[in-house]
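Hi,

Here is the structure I said I would pass on.

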Amino acid sequence: VAKLDLNKQVEAGELFLDALQYNPDDEKALCNAAMGHLLLGEKQHARKIASQVLEKNPANTRAYSLIVYAADENNSLETIVNEIPEAYHNSSDVSYAIGIIARERGMLDVARKWLETANENDKKDDINIKANLAEVLLQITTKDPALLYSGQPSEPTKFVLEKATKLLDEAWNTVYKTELRELRSGWVANRSLANKLLGKRDKAVRDIELALEIDPNNPVFFKQKATIYYEENNKEKAICVLESIPSYKQLPDVLVLLATLLREEGRFVEAIEILKEFPKGYEESEMYRESKRELLQLYLDTDQHDLAQDISQTMLSSEGRNVTNLIDESKILSSRGETDKAISSLRDAKKLTNDETSPIGMIELGQQFYSLDQFNDASDIYEKIVDITIDSSLSRQLLNSYYRSGKLNEALKVCQSLYARYGPIKY
């Protein structure tokens, strides 16, 4: 078990199998052997041994959990759950296993339900249940529209974030003085993220510094630290953090973020050079696409309109007239003074928006309409995404869009909503 806790999975699997020879009829030894086969990627063998245990003891919940882990990847989650007698669904072993499988399949709300059941029925104070539940809660909260569009969590999301933080506190406090500390740096990094989202900046910095102390070469932790500084408008410090990442020039997501920061600091030449040296092998990735969009903006900022046009045409040819490509086309037309054509491109983009349009795409579209004084169109976009109970730059742009387009009743509703929460605020 110690080897498994230390993430030495192959070695742990072999030890579990070797140990079976000493107690070939013992339920615990058999379950360990089934786990050993799982760790070695041998699902059929694991399933066979778990079934043998259940023939001896149909109430062995650990064996049922191993049946879940060993399930065929092509089986639906419902099929996997139905294979387990309902009487054992609420056991911590079984519900945890189902939660993990659901999480692996991206079924976050389902995973949350099962992991909460596991946590409620856990009698062993299992830190892995706590940590996995906390991580699922974090994954869910990052999809909160209020958080995506305003950078501020809604009240229900704050409650979930507090719960995630408490679970991570409990899990981390169990391991931080043990060898397991070295393998659980992600827990404190996740706690840092939760604290950042809750506006607890000092705790967020403390935790990400601790995560980097444990794993000093982890680029994800560096990026998270840089984001904390960026969001408090300390861009120079954020840039320094990103540039201190070992081999940062080979990390596409880091390069795109670094180029964005450099552009916002007016360091256009440096940003352009970084993106022109984008690493090979990522041409089909989303980060490559983002790097091209960032480079297009940099060319516009430096009056290199023909180079921006080349990127736009390439993307339109390869991807078609989608929302983001039309926004970019509008930016180029606007920079050339062709305002009517720019507005026309934006309205074409507006027709293409739907529930699948990315948050960033919706924000960019609203902001581009707003920059061209198309306040009626801007309000149409913003009202789909903005939480008017939160005072943010977007809620203020929505308010102004309503006012400037003559939608005074809607503007009044925004004012009343903000006043109800904050009282008098300076516009």
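The secondary structure of the protein chain comes to 25 helices and zero strands, where helices (H or I, at least four residues) and strands (E, at least two) are DSSP runs numbered from the N terminus. Bear in mind that this is a predicted model, in which local features need pLDDT of at least 70 and side-chain atom pairs count only at pLDDT 80 or more, while totals for chains, interfaces and linings use all residues. Residues are numbered from 1 along each chain as its sequence is written, and side-chain values use heavy atoms, with hydrogens and water left out.

On the overall picture, the C-alpha trace spans about 80 × 50 × 40 Å along its principal axes. Of the 427 residues in the protein chain, 48% are buried (under 20% relative accessible area, with exposed being over 50% and partly exposed in between; 1.4 Å probe, protein chains only). The chain exposes about 21800 Å², and carbon and sulfur atoms supply 49% of that; the areas come from the Shrake-Rupley method with a 1.4 Å probe. If you take contacts (heavy atoms within 4.5 Å) between residues at least 6 apart in sequence, 52% of them join residues at least 24 apart.

Now for a helix pair. Helix α4 (residues 43-56) and helix α5 (residues 61-69) pack at an angle of about 155 degrees, with their axes 9 Å apart. Axes here are lines fitted to C-alpha atoms over the stretch in contact, and angles run from 0 to 180 degrees between N-to-C directions. That angle makes α4 roughly antiparallel to α5 (over 145 degrees; under 35 is roughly parallel, 65 to 115 roughly perpendicular and the rest oblique). On the α4 side the contact is made by Lys43, Arg47, Ala50, Ser51, Val53 and Leu54, and on the α5 side by Ala63, Tyr64, Leu66, Ile67 and Tyr69. By class, that is eight nonpolar, one polar and two charged residues (Ala, Val, Leu, Ile, Met, Phe, Trp, Tyr, Cys and Pro are nonpolar, Asp, Glu, Lys and Arg charged, and the others, Gly among them, polar).

Most residues other than glycine have a negative phi. Ser247, though, has a positive phi of about 55 degrees; it sits in the loop between α15 (235-243) and α16 (252-264) and is exposed, at 56% relative accessible area. Asp303 has a positive phi too, of about 60 degrees. Its place is the loop between α18 (286-301) and α19 (305-319), and Asp303 is exposed, with a relative accessible area of 59%.

Cheers
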